[in-house]
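Here is a briefing on one protein model. Please keep the sequence and the 3D view open while reading.

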Amino acid sequence: MSEKRKTGVVDPKHEEPGRARPGAADPATREKKEGKRKRRRSHQRESSRVARILTAFAEVLVIVSVIAAPLMLGSVPLWSVGVGLALSVMAIGALGVAAFLEGRALPLHPVSLLLALVVAWEAFQLIPLPPGLLAALSPRAAEIFELTLGGAGHWPAWRPISLDPIATGVAVTRHGSWLLLFMAAMALSRSRPRRKRLIASLGVSVALVVILAFSQKLIGTDRIFGVYPTRPGGWLFAAFVNPNHLGAYLDLLAPVCLGLALHVRDRSRAALWGLVFVLAGATCLLTLSRGGIVALVVALTVFAILRRRLQEPSHDRVAAELPGEHQSWIWAQASSLMHRGRVAARAFGPALLVGGTLATGAYLALDPILSEVHTLIDQDSMADEVRWRIWSGALPLIRDFWATGIGRDAFVVTYPMYKDFAGQVTFSHAENQLVQALSELGVVATVMLCVGLASAWFSVARRRDLDAMQVGLLAGLAGLALHEMADFATSFGGVGVPASVALGILLGAGLRGEARGKGRRRRGDPASPKPDSMGRGNSIRSLAWIPRYLGAAPLLAACLVMVALGSSSLARAWAYEDDEELVRVVARIEAGDPISDVISTAMKRRPTDHILPLVAARQSIVRGNVAEAMQWVNLAIHLAPTESRGHLLAAEVLARAGHKRQALLQYRLAAQWGQPIRRVLSLAAVRYPAVEHLASAAPDTIEGRRELMRFLAAARRHDEALTIGRKALLQEPEDVELLVLAATSAQRLGLHEDSERFSRRLLSVDAREGRGYRLLASVKMAMGEPEGAIEILEEGLRMLPRDVSLSMQLARALLRGSRDPDKALDVLAEMHVPSNDRTRSRMHALRGDAHRERGRTRQALEEYRTATRFAPDDHRPWVSMGDHLMATDQWERALEAYLEARRRRSTSAIEARVQRAEKRVEALREFRARERIFGDGEVELPVPEGSR
């Protein structure tokens with residue numbers, strides 16, 4: 001046997017014919033395997049093609065979400081939340097399927113896990129818990145449930161932590177959709193072209209919003225899209241009802257436009273983005289949002305700092321770039337100076353854009369902008385700022401619910417229990433996102449969220465490979481964070497969606513490579529992701545206990561959960577909107593259902609809502625059940641101690657029960673907590689008209705005494721008003737308003753000496769108080785001293801030359817006192833033209849009177865007609881015109897003028913004028929009829945007896 005056979009090695013050349021080689025496949029098998037490989041490659045190519053299509057589809061959905069969020073009325077309405085949820089679920093679902101087809105998974109960043117935990121905690125606040133566990137987690141919530149639900153038998157029972165489960169469900173839907181968009185933007189941003197397109201979509205969104213804002217301003221409409229009303233106070237509003245939210249949106253994205261202008265190389269595109277930045281910055285100024293203006297300045301400052309830090313190299317790096325023979329300290333310094341010169345030259349562009357922004361805003365609305373900025377440095381304005389009071393009132397709320405919070409978006413129904421200042425405004429948010437998060441999420445969840453977001457921002461800011469676009473995103477997020485310390489714009493998708501996408505873009509840019517599979521990086525593998533400039537393989541390498549990738553199956557399961565939770569939450573929110581629910585509650589009660597059953601069932605959904613007990617109390621009063629009304633009123637006052645409507649209802653219930661002293665106290669509390677004092681006095685006067693009772697119902701303050709005097713004067717009880725004024729002036733002898741009211745009441749009573757004394761004291765307190773001159777002149781006219789009145793008015797005009805009322809009163813005194821129409825016309829010609837239409841109407845009527853005194857019939861008639869055009873609803877110009885026409889024997893036209901006056905206001909004097917004119921017109925018609933019968937002979941016109 002040969003040596004080769006002994007060793008088992010067979011030479012192919014010596015193989016026997018027809019015998020197969022061991023381990024070799026036959027041609028059929030080889031063809032079958034080759035076919036499998038081809039089908040596998042074809043399947044992979046097809047999967048890769050489908051994955052690219054799905055990825056592009058997800059990118060389009062994210063871009064649509066970014067652009068649509070601010071245009072859907074700031075994503076405040078419920079329907080916009082549903083649209084945002086659908087877009088985010090489809091986007092992340094498409095990315096998950098694409099990752100599954102390509103054999104990879106979406107990356108999981110620590111911030112993703114953190115935000116997911118926060119959303120999960122918000123969802124946990126919706127889960128019903130047993131009473132014992134709920135009392136252990138939130139003792140204060142258990143006390144509230146015992147108070148509001150215990151009497152109806154709905155407690156103890158399984159209840160969620162949230163005090164407003166419907167609103168919390170909507171918040172979970174909103175924030176969950178933002179989380180999905182954040183994850184989609186982070187996954188897409190690992191690709192540089194997609195990242196650039198996403199950032200560009202943020203700039204396009206800003207451009208559309210700015211175009212909409214200026215278009216609506218040019219058209220002159222005060223409604224969004226010509227349909228939705230806006231809140232007064234902003235010079236521009238775009239698609240945001242609240243101008244402060246528009247300011248926050250521009251704080252976030254205006255620096256992004258600046259980054260785009262500095263990043264693109266094409267000059268035309270750079271100029272276009274620069275124009276968008278200038279218009280966006282000017283729009284932010286024109287919103288007149290103080291927080292928006294300050295935050296924009298801070299955002300641009302952060303942008304400049306980060307850009308300078310990235311563009312300024314160290315001396316070692318400059319020296320390393322030089323040739324070996326020139327690597328000296330001197331050459332390094334020279335090169336560094338040259339580099340700084342180039343940086344300074346490049347900085348001219350941003351400075352020019354910022355200057356253009358300021359110039360545009362100043363050109364369009366300089367005075368309003370300066371007025372708003374001045375309030376930031378005015379101590380009185382800052383001391384009166386309502387936000388300080390909201391935050392101070394929220395501190396006890398945070399203390400009582402520090403562990404679990406009250407539930408997301410439950411602030412609006414819980415804060416009335418803690419509000420400690422007067423005002424009829426409903427505060428839906430804390431005007432500070434940190435305070436709001438502490439109230440609604442609890443201390444632990446809020447600290448975790450803030451620390452996580454801040455660490456993510458600083459981790460990105462420390463990187464040295466950022467471009468101008470990413471610097472713009474960082475600066476915008478910093479400006480938005482500052483703005484939210486005095487606002488709540490990120491509570492809605494108009495600002496929350498672009499902020500989530502911006503954060504996802506920044507964190508996605510730090511993920512290196514398109515990692516495939518689930519294995520870890522092997523040492524020595526050149527295809528695996530390499531460490532970045534800071535020595536990290538990716539953003540999650542240091543957290544070995546966190547799963548590196550999020551698989552497609554859990555992701556799709558989370559999407560299904562979001563769809564189910566969001567659909568049910570939005571359906572409940574639509575079914576139980578505040579106005580609609582109250583309408584249904586009132587309809588059921590009016591139909592005869594028991595009040596306790598209806599209100600208790602409604603309060604199961606919102607146990608801290610004080611409006612429902614108020615409705616129950618009002619309906620109980622209508623049914624005449626005073627005892628039941630008192631129970632509901634007590635509950636309403638406990639849930640909202642500073643709600644003035646509850647105190648008004650309590651006063652009415654106590655008055656019906658015969659408790660006068662307690663009723664008057666409740667009237668005073670209603671006025672103290674923001675109800676108009678005049679309205680409170682009107683309601684109290686129905687049952688307690690005596691002045692001493694009204695004094696007990698009014699607040700024991702100077703303002704309360706003033707309103708009491710005004711109320712008594714309006715009721716023609718001038719003697720009692722003067723008595724109240726005398727007592728009040730003993731406490732505040734130099735109060736201008738009290739002196740004016742006292743002088744007016746004394747004049748109405750014919751006490752001219754007292755009125756003159758009060759008027760002169762008023763002028764001694766404030767020599768520039770025009771009412772003092774007018775009151776003193778009126779007294780002189782009433783005392784038959786027109787020359788003295790004219791002298792006083794002329795003295796007042798020397799002190800206050802632009803006072804329109806003084807000029808008109810002087811002209812009237814010249815016409816009626818000294819009969820000097822020429823001087824009256826001179827006074828009216830020199831007076832400052834009033835801006836109020838009704839005042840201008842009276843000015844023209846006075847001119848008409850002066851022309852009538854001079855016998856200028858045509859000029860007088862023209863002035864009267866002008867007066868009626870300025871104030872078409874005022875009866876006095878029509879009366880003056882009628883008197884003038886009657887004096888010139890134009891009886892038919894005079895009758896028409898009197899009839900126009902009667903249509904606007906029917907008084908006995910106008911009715912007497914109408915009757916006199918009708919008699920004249922009737923006599924005129926008889927004369928015309930007689931003239932037709934007897935020809936052209938002279939016939940004496942009969943004048944009705946007593947018509948003159």
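This is a predicted model: local features need pLDDT of at least 70, side-chain atom pairs count only at pLDDT 80 or more; totals for chains, interfaces and linings use all residues.

Residues are numbered from 1 along each chain as its sequence is written, and side-chain values use heavy atoms, with hydrogens and water left out.

**Overall make-up**

- The protein has 42 helices and four strands. Both are DSSP runs numbered from the N terminus: helices are H or I with at least four residues, strands are E with at least two.
- Of its 948 residues, 49% count as buried. Buried means under 20% relative accessible area, exposed over 50%, and partly exposed in between, with a 1.4 Å probe and protein chains only.
- Among contacts with a separation of 6 or more, 69% come from residues 24 or more positions apart. A contact means heavy atoms within 4.5 Å.

**Nonpolar cores**

- A nonpolar core is a set of buried Ala, Val, Leu, Ile, Met, Phe, Trp, Tyr and Cys residues joined through side-chain atoms within 4.5 Å.
- The largest such core has 100 residues. Ile-92, Phe-182, Val-206 and Tyr-249 have the most contacts inside it.
- Leaving aside residues up to four places away in sequence, Val-206 touches Tyr-249, Leu-250, Leu-253, Cys-257, Val-276 and Ala-280.
- A second, separate core has 50 residues, including Ile-398, Tyr-415, Ile-599 and Ala-602.
- In soluble globular proteins, nonpolar side chains tend to be buried together.

**Helix packing**

- Axes here are lines fitted to C-alpha atoms, for helices over the stretch in contact, and angles run from 0 to 180 degrees between N-to-C directions.
- Angles under 35 degrees count as roughly parallel, over 145 as roughly antiparallel, 65 to 115 as roughly perpendicular and the rest as oblique.
- A crossing is left-handed if the near helix is turned anticlockwise from the far one by less than a right angle, and right-handed if clockwise.
- For residue classes, Ala, Val, Leu, Ile, Met, Phe, Trp, Tyr, Cys and Pro count as nonpolar, Asp, Glu, Lys and Arg as charged, and the others, Gly among them, as polar.
- α9 (residues 243-263) and α19 (residues 468-483) have axes that come within 7 Å and cross at roughly 165°. The two are therefore roughly antiparallel. Their crossing is right-handed.
- Residues in the α9 and α19 contact include Gly-247, Asp-251 and Gly-259 in α9, and Gly-472, Gly-476 and Gly-479 in α19. By class, this contact has 12 nonpolar, eight polar and one charged.
- α8 (residues 192-219) packs against α20 (residues 493-509) at about 155°, with axes 11 Å apart. This pair is therefore roughly antiparallel too. α8 and α20 make a left-handed crossing.
- Arg-195, Leu-198, Ile-199 and Leu-202 of α8 meet Pro-498, Ile-505 and Ala-509 of α20. The residues divide into six nonpolar, no polar and one charged.
- α38 (residues 837-853) and α39 (residues 857-870) have axes that come within 8 Å and cross at roughly 165°. α38 and α39 are therefore roughly antiparallel. The crossing is left-handed.
- Among the residues that meet here are Arg-840, His-844 and Arg-847 in α38, with Glu-863, Tyr-864 and Phe-870 in α39. The contact has five nonpolar, six polar and six charged residues.

**Backbone geometry**

- Most residues other than glycine have a negative phi, and most peptide bonds are trans.
- Trp-155 and Pro-156 are joined by a cis peptide bond, with omega about 5°. Pro-156 sits in the loop between α6 (139-149) and α7 (165-188).
- Leu-73 has a positive phi near 55°. Leu-73 lies in the loop between α2 (27-71) and α3 (78-101), and is buried at 8% relative accessible area.
- Asp-409 also has a positive phi, about 65°. Its place is the loop between α15 (386-400) and α16 (411-414).

**Selected residues**

- Val-294 is in helix α11 (residues 290-311). Val-294 counts as partly exposed because its relative accessibility is 35%.
- Val-294 and His-483 are 189 residues apart along the chain, yet their C-alpha atoms are separated by 7.8 Å.
- Asp-222 lies in the loop between α8 and β2 (223-224). Asp-222 is exposed, at 52% relative accessible area.
- Beyond residues up to four places away in sequence, Asp-222 touches Tyr-228, Pro-229, Thr-230 and Phe-237.
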